[in-house]
Amino acid sequence: MSNAITDIIMKPEFFGKIYAIANKTSARVQRLGEMPKYTVMTETIPTLRPRTSEDVAFGDLLEVGTIRKRPMIQQIRDNSGNQTGSFVKFVYLADSVKTKEKADLSKMMKAEEQYVKPNTGNGDITDGCDFEKTLGELLLLSATPVDEYVGGVKTGQIDHILVITRSEQNDETYDIKVSNVDTAVLKMPMFTKLKMVKPTGRVFADVSQVETGAITLALSAEDVEEVKAPQKQEMPKQQPTQSSEKDNNKK
């Protein structure tokens, strides 16, 4: 199955400073079992519940490792227990958490507009997602122009370019909807290393895989660019010293 995703790696600067607002507890996480649970406040998100293992206390300023945003499928059931639908929710998982210092909460900075609902119902992951770390290196497999349709009729224009790539990090292929119809990727050879320009992403439950909890990632970008290997700098030639020049003259 293509476009599958397990974890979204977040940019550390997205959260700002992170403060504990409750002692460590525990909670059961889908497919992961019982895990430590922290309720924290960040400078951009009022409450966040990462899972890791260190003991903390109210008011601690925390030092947090990589935070992963893991999409989960939440099932909707009626009063009889029958499943009537499902939607994607998110759980934040921290690689590590430890107390940095006891914070002065009166000096805590707060963003002008906080992300009150980071677990958006539409599955948008664009804000805060580190796409390069989440997907790793992308290799070009194909790039195909997609026709524009209006009212079910072709307009003769190109709507977007469908770029199919492979993430060796995730051992998965990903389709990218590129809005620049004149993109240079159309002339690039297969297996060119690519990076996305201004990417956006949304996750949703794969209706064909709901029972297994499969999550699909829809990607769009303004463009994709070739990742060129850094050029090797040539070592400057060593100039002969005066003593070596004299030796050569004696010969």
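Tutor: Start with K69, which lies over the face of F90, 4.4 Å from the ring centre. A charge sits over a ring if NZ of Lys or CZ of Arg is within 6 Å of the ring centre and within 35 degrees of the ring normal.

A word on the source. This is a predicted model, in which local features need pLDDT of at least 70 and side-chain atom pairs count only at pLDDT 80 or more, while totals for chains, interfaces and linings use all residues. Residues are numbered from 1 along each chain as its sequence is written, and side-chain values use heavy atoms, with hydrogens and water left out.

Now to rings that meet rings. A pair of aromatic rings is described by the distance of the centres and the angle of the planes. Rings of Phe, Tyr and Trp (its six-membered ring) pair if their centres lie within 6.5 Å; planes under 30 degrees apart are stacked, over 60 edge-to-face, and the rest tilted. A search of the whole structure finds 2 aromatic pairs. In one, the ring centres of F14 and F15 are 5.2 Å apart and the planes stand at 75 degrees, so this pair is edge-to-face. F14 and F15 are both buried. Buried means under 20% relative accessible area, exposed over 50%, and partly exposed in between (1.4 Å probe, protein chains only).

F15 also pairs with Y92, again edge-to-face: the centres are 6.1 Å apart, with 85 degrees between the planes. This pair links distant parts of the chain. F15 is in the loop between β1 (8-9) and β2 (18-20), while Y92 is in strand β8 (residues 83-94), 77 residues apart. Strands and helices here are DSSP runs, numbered from the N terminus: E for strands, at least two residues; H or I for helices, at least four. F15 and Y92 are both buried. Together, F14, F15 and Y92 make one aromatic cluster.

T42 has 0% relative accessibility, so T42 counts as buried.

T42 leads us to a sheet, as T42 belongs to strand β5 (residues 40-42). Four strands form an open sheet in the order β5-β2-β6-β9, with antiparallel pairing. Strands β5 and β9 (97-102) are the edges, each pairing on one side only. Neighbours in this sheet are turned by 40 degrees against each other on average, direction ignored. Axes for such angles are lines fitted to C-alpha atoms, for helices over the stretch in contact, and angles run from 0 to 180 degrees between N-to-C directions. Two strands pair if DSSP finds at least two bridges between them. Strand β6 (residues 60-64) and β9 have 5 bridges, in the antiparallel sense. Within them, L61 has E101 of β9 as its bridge partner.

Next, the opposite charges. The structure holds 8 salt bridges. A salt bridge is a side-chain nitrogen of Lys or Arg within 4 Å of a carboxyl oxygen of Asp or Glu. One joins K193 and E137, with the closest N and O atoms 3.8 Å apart. K193 lies in strand β13 (residues 193-197) and E137 in the loop between α1 (131-135) and β10 (138-150), so the pair ties together parts 56 residues apart in sequence. K193 is partly exposed at 39%, and E137 is partly exposed at 37%.

Another salt bridge joins D171 and R166, at 2.8 Å from N to O. D171 is exposed at 55%, whereas R166 is partly exposed at 29%. R166 also has a place in a sheet: R166 stands opposite T173 in β12. Strands β11 (residues 153-167) and β12 (residues 172-178) pair in the antiparallel sense over 7 bridges. Both belong to an open sheet of 7 strands, in the order β14-β15-β12-β11-β10-β13-β16, with mixed pairing. Its edge strands are β14 (200-205) and β16 (223-226).
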